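Let's take a walk through this one together. Have the model open and follow along as we go.

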Amino acid sequence: MLIAQLTDLHVCSAGRPAARVVETNMLTERALRAVAGLRPAPDFVVISGDLTENGLIDEYKNLAALLERYLTMPIFVVPGNHDRRSNLRQILPHLPGVSSDSRFIQYVVEEFPVRLIMLDTVVPGHAHGELGPERLDFLDRSLTAAPHRPSLVVMHHPPFRCGVASMDSIHLRDSAAFTSVIARHQQVDRILSGHHHRMIIGRVAQAIAMVAPSIAHQWILDFDAAAPAALVMEPPAFMLHHWAREEGMSSHAVYVESYPGPFPGLTDPEYPGHGGAVS
Ligand SMILES: [Fe+2]
Ligand SMILES: [Fe+2]
């Protein structure tokens, strides 16, 4: 089974770049076209928040048109700090689960071999994330219902610190409480998030916790605590998570832009492994 994870699309109103410089509508279109061209096709797509730049109706309309144009497989979304729940529900009501809870955009996807717990970490008006008792209880109850099925948790805000001060100031605030829930449910294999706009891998209890790169701009990697946050145009990418019952899950970054190659992996006669597999 193949899962494509896209994150932080930041789709804008027509003709408006995000943060004055990033053509996110064009970049979203390129990423969706790349996903549509994958063979084998992903079984479904998850989008882990910041679907739009400002959560405006026009922005969701642009996103809805792009999704309809390129994707035929099921799409599951959670909101990010740039989204507005009511506008998302109004323009994308056909996406499964977005209206299954009256307060939050949170739901469980049951119909695939890997179960998805889609979590809403948004605190309206703030960049950081927080679950609070009600959403932590939803997570706990959802996982208690199927203790033996491999599960992924999808959420916008990363639930671990990564050492970059500007990122750690806006991560999931109640990550300790989140971690203790995950520790009680050993079937959670991976936690998929976005928000930091670059690939980061951590751990939450037994689960691998991943931040996917954005399909638009990335945030600069700078461990100097005094450094201001800044965006950079590192190559956009998305994640392909491959799952098989015997092998479990592996996660692969896929770059959207074109690049040189493929070249045949020819080796020199002097290569010690000559005649064997090349890498
Ligand atoms: Fe974002
Ligand atoms: Fe975000």
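This is a predicted model: local features need pLDDT of at least 70, side-chain atom pairs count only at pLDDT 80 or more; totals for chains, interfaces and linings use all residues.

Start with helix α1, which spans residues 24-36, and helix α2, which spans residues 57-70. A packed pair like this is described by the angle between the axes and the distance between them. Here the angle is about 20°, and the axes sit 9 Å apart. Angles under 35 degrees count as roughly parallel, so α1 is roughly parallel to α2. As for handedness, α1 passes α2 in a right-handed crossing.

Which residues make the contact? From α1 you get Asn 25, Thr 28, Glu 29, Leu 32, Arg 33 and Ala 36, while α2 brings Asn 62, Leu 66, Leu 67, Arg 69 and Tyr 70. Sorted by class, the contact of α1 with α2 comes out as 5 nonpolar, 3 polar and 3 charged residues.

Now over to the pockets. The largest pocket holds about 280 Å³ of space. Its lining runs to 21 residues, and if you want to find its centre, look for His 82, Ile 170, His 195, His 197 and Trp 219, which lie nearest to it. The lining of this largest pocket has 11 nonpolar, 8 polar and 2 charged residues.

The second largest pocket has about 180 Å³ of space. Its lining includes Glu 53 and Asn 54, then Asn 81, His 82, Asp 83, Arg 84 and Arg 85, and also Val 122, Val 123, Pro 124, Gly 125 and His 126. By class, that lining has 3 nonpolar, 5 polar and 4 charged residues.

Terms used. Residues are numbered from 1 along each chain as its sequence is written. Chains are lettered from A and ligands numbered from 1 in the order in which they are written. Side-chain values use heavy atoms; hydrogens and water are left out. Axes are lines fitted to C-alpha atoms, for helices over the stretch in contact, and angles run from 0 to 180 degrees between N-to-C directions. Helices (H or I, at least four residues) and strands (E, at least two) are DSSP runs, numbered from the N terminus. Angles under 35 degrees count as roughly parallel, over 145 as roughly antiparallel, 65 to 115 as roughly perpendicular and the rest as oblique. A crossing is left-handed if the near helix is turned anticlockwise from the far one by less than a right angle, and right-handed if clockwise. Contact means heavy atoms within 4.5 Å. Ala, Val, Leu, Ile, Met, Phe, Trp, Tyr, Cys and Pro count as nonpolar, Asp, Glu, Lys and Arg as charged, and the others, Gly among them, as polar. On a 1 Å grid over the protein atoms alone, a cavity is a set of points where a 1.4 Å probe fits but cannot get out, and a pocket is an open set with protein on both sides within 12 Å along at least five of seven lines; lining residues have an atom within 4 Å of a point. Grid points are joined across faces, edges and corners, and a volume is the space filled by probe spheres set on the points.
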